[in-house]
Amino acid sequence: MNTEQQLRADFLYEQQLTNLKLQGKRPATIDAYSRMMRRITHHFDKAPDTHSWSTVRVIRNSLQFFFKHVLHREWEWLNIVKPQQNKRLPDIDSQRMLVHIRNARKDRFIPLPRRTLYALRYFWQTHKHPRFLFPSHNRVVDNFMDRGGVQKAMRVVIKECGITKSISPHNLRHSYATHLLEQGLDLRSVQHLLGHNSLNTTARYTHLTEISCKNTSQAINQLANKLTLMWEMKV
């Protein structure tokens, strides 16, 4: 493997270790899975994500043929279930003006403000990455921006705006919920947007504002428009 492939393989290996631990796998299982991943990577001299499903299927069928017809042994492996060929919806659907939130507390769709769509398209013009809207600045590893990159970018924006208070990305989530309630969006809709399992969690924001009923898309677009006007007046 070249240096880029090796870095990619090392990154994926660490990701597997992290996910095995997060899922509470036994130490023996973690050791066996990680050891097998190292062997596969070393044998093929490629990062493991370069093996397509068709490659895995051919390898499996070849082994099955060898055991049954050369060694004349019973094939005892369980059938490998081919993953469903689900048509993946786009993360950002500009036709329906929706954003698909994946791998979060709860997968969901949220409305996409038109001004936000224009801003994202403008930002993409600065790098035109083929896979990620917010790619990592590390050119060696082809990956999306990590948490540290988000925090660093936010610190730059806060400094440019002259804000002296300590603000984190999570503060934006709280502000988002509070301002939507001020816009008149009902509590149940805000619960869906934030991905809360319990309405009681969302209700923490109600002491800051009155709740009435308003269309979700209308409320979010009005909020985006107000923020843009405030920024233009500041500039």
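Tutor: The expected span of a helix is 1.5 Å times one less than its number of residues. Helices are DSSP runs of H or I with at least four residues, strands are E runs of at least two, and both are numbered from the N terminus. This is a predicted model, where local features need pLDDT of at least 70, side-chain atom pairs count only at pLDDT 80 or more, and totals for chains, interfaces and linings use all residues. Residues are numbered from 1 along each chain as its sequence is written, and side-chain values use heavy atoms, leaving out hydrogens and water.

Student: How far does helix H6 reach from its first C-alpha to its last?
Tutor: H6 covers residues 169-182, 14 residues in total. At 1.5 Å a residue its reach is close to the expected 20 Å, and the model gives 20 Å.

Student: Within what arc do the buried residues of H6 fall, seen down its axis?
Tutor: Buried means under 20% relative accessible area, exposed over 50%, and partly exposed in between (1.4 Å probe, protein chains only). In H6, Ala 177, Thr 178, Leu 180 and Leu 181 are buried. The buried residues line one face of the helix, because the arc, taken from the directions from the helix axis to the C-beta atoms, is 165 degrees.

Student: Is Ser 34 buried or exposed?
Tutor: Ser 34 sits in helix H2, residues 27-44. Contact means heavy atoms within 4.5 Å, and beyond four places in sequence Ser 34 touches Tyr 13, Gln 16 and Leu 17. With a relative accessible area of 4%, Ser 34 is buried.
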